[in-house]
Amino acid sequence: MVDARPQQPLFAFGVIADIQYADIDDGYNFQRTNRRYYRSSIELLRNALDSWSKAAVRPGFILQLGDLIDGHNKLLAASDRAVDAVLKELCSVDAHHVWGNHEFYNFSRDWLLRSKLNSTPQGSQKEVGSNVYAYHFSPYPGFTFIVLDAYDVALLGREESSPGYREALTLLRRFNKNDNLNCPPGVGLLQRFVMFNGGFSKKQLSWLDSVLTSTDERHEKVTIACHLPVHPNSTDPLCLLWNFDEVLAVIRSHSSVVCFMAGHDHDGGYYFDEDTGIHHVTFEGVIETPPDSNAFAIVSVYEDRMELKGSGRVADRVFFFPQSCRS
Ligand SMILES: Nc1ccn([C@@H]2O[C@H](COP(=O)(O)OP(=O)(O)OC[C@H](O)CO)[C@@H](O)[C@H]2O)c(=O)n1
């Protein structure tokens, strides 16, 4: 049978998550269940860049889903060296950087805002507020991508004396009574209330709502990139965004959203929300990928779907757009 689907994509983009590079020997995650390949993670980034450069339709940009370098660098006073090494590799591509917990282990929010890890396009600098790292861009007519700040309400990256820190601490302590706030409280979804996670402020949610109102009106297709996953069926609950329910309510109310891409849970995950047609993808982390494997993807975008071609631990998937989004 002849495949009637159009074969030439409108455009393509690359995706990679949780590289967590550090020039140190292999180690383990906190639970000691998964090996972490700190030094070879940069080799896996090179594999991704090599593959993207040879693709039939080269990615127009890359979504880097956060945790570019590991927190160990901070302890070794090697943060600047490590981030420079990884950014040097990425200099040949147009990378959109998402911020994760390891960005804040290494750098202050002020430093990040002034750094090359701030990929906000010219002109949209202060849309949400000067201290929130969220923006949108349109790489092709009819398609919008939104980068969200999952540590907008968080202890990480906020000065202890700031109202934002106190607000986050009050929220966290309401659910987490442990002395070590990185130790998860209880079971199930409550586990998300740990210090290495965060959430969205009302201001960011309302900004997201207004951007999505515009994209709905224009019948666009929207992909959201964020370090923390927001659908409980797409991740281990330990890695879920604190106020995932509030962001789900917002994105569910907008027909233009087609895909939510996240990192943080290095085992990856996927859930198709049938009620809304939104695909929730959590990408496998490079840091827990053996040197003889890979963890990256190229996504080819068509009028009616996105085709994700994964490498190594990342599975191939097809994300059909909901009927309401089709032009
Ligand atoms: N039960 C735990 C778990 C972790 N910690 C400490 O919390 C910090 C963050 O953990 P880490 O594994 O470094 O975070 P990643 O972003 O690399 O990975 C997220 C995982 O996918 C979640 O499983 C760190 O300082 C740990 O030592 C803790 O104290 N108690």
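E89 counts as partly exposed, at 22% relative accessibility (partly exposed falls between buried, under 20% relative accessible area, and exposed, over 50%, using a 1.4 Å probe and protein chains only). The side chain of E89 meets that of R46 in a salt bridge, 2.9 Å from N to O. This is a predicted model, where local features need pLDDT of at least 70, side-chain atom pairs count only at pLDDT 80 or more, and totals for chains, interfaces and linings use all residues. Residues are numbered from 1 along each chain as its sequence is written, and side-chain values use heavy atoms, with hydrogens and water left out.

**Salt bridges between helices**

- The structure holds 16 salt bridges (each one a side-chain nitrogen of Lys or Arg within 4 Å of a carboxyl oxygen of Asp or Glu).
- R46 sits in helix α1 (residues 41-54) and E89 in helix α3 (residues 79-89), so their pairing ties together parts that are 43 residues apart in sequence. Helices here are DSSP runs (H or I, at least four residues), numbered from the N terminus.
- R46 is partly exposed as well, with a relative accessible area of 32%.
- K202 and E246 also pair up through their side chains, with 2.6 Å from N to O in the salt bridge.
- That pair ties together parts 44 residues apart in sequence, because K202 lies in helix α7 (residues 202-217) and E246 in helix α8 (residues 244-252).
- As for accessibility, K202 is exposed at 60%, while E246 is partly exposed with a relative accessible area of 31%.

**A network and a buried pair**

- D23, D25 and R39 belong to one network, joined by salt bridges that share partners.
- D152 and R158 form a salt bridge too, and their closest N and O atoms are 3.5 Å apart.
- Both of those residues, D152 and R158, are buried.
- As background, side chains of opposite charge can pair when their charged atoms come close.

**Cysteines**

- If you're looking for disulfides, the count comes to zero (the rule asks for a pair of cysteine sulfur atoms within 2.5 Å).
- C239 is in no disulfide, and the nearest cysteine sulfur, which belongs to C226, is 12 Å away.
- C239 is buried, at 8% relative accessible area, whereas C91 is exposed, at 63%.

Definitions and conventions. Helices (H or I, at least four residues) and strands (E, at least two) are DSSP runs, numbered from the N terminus.
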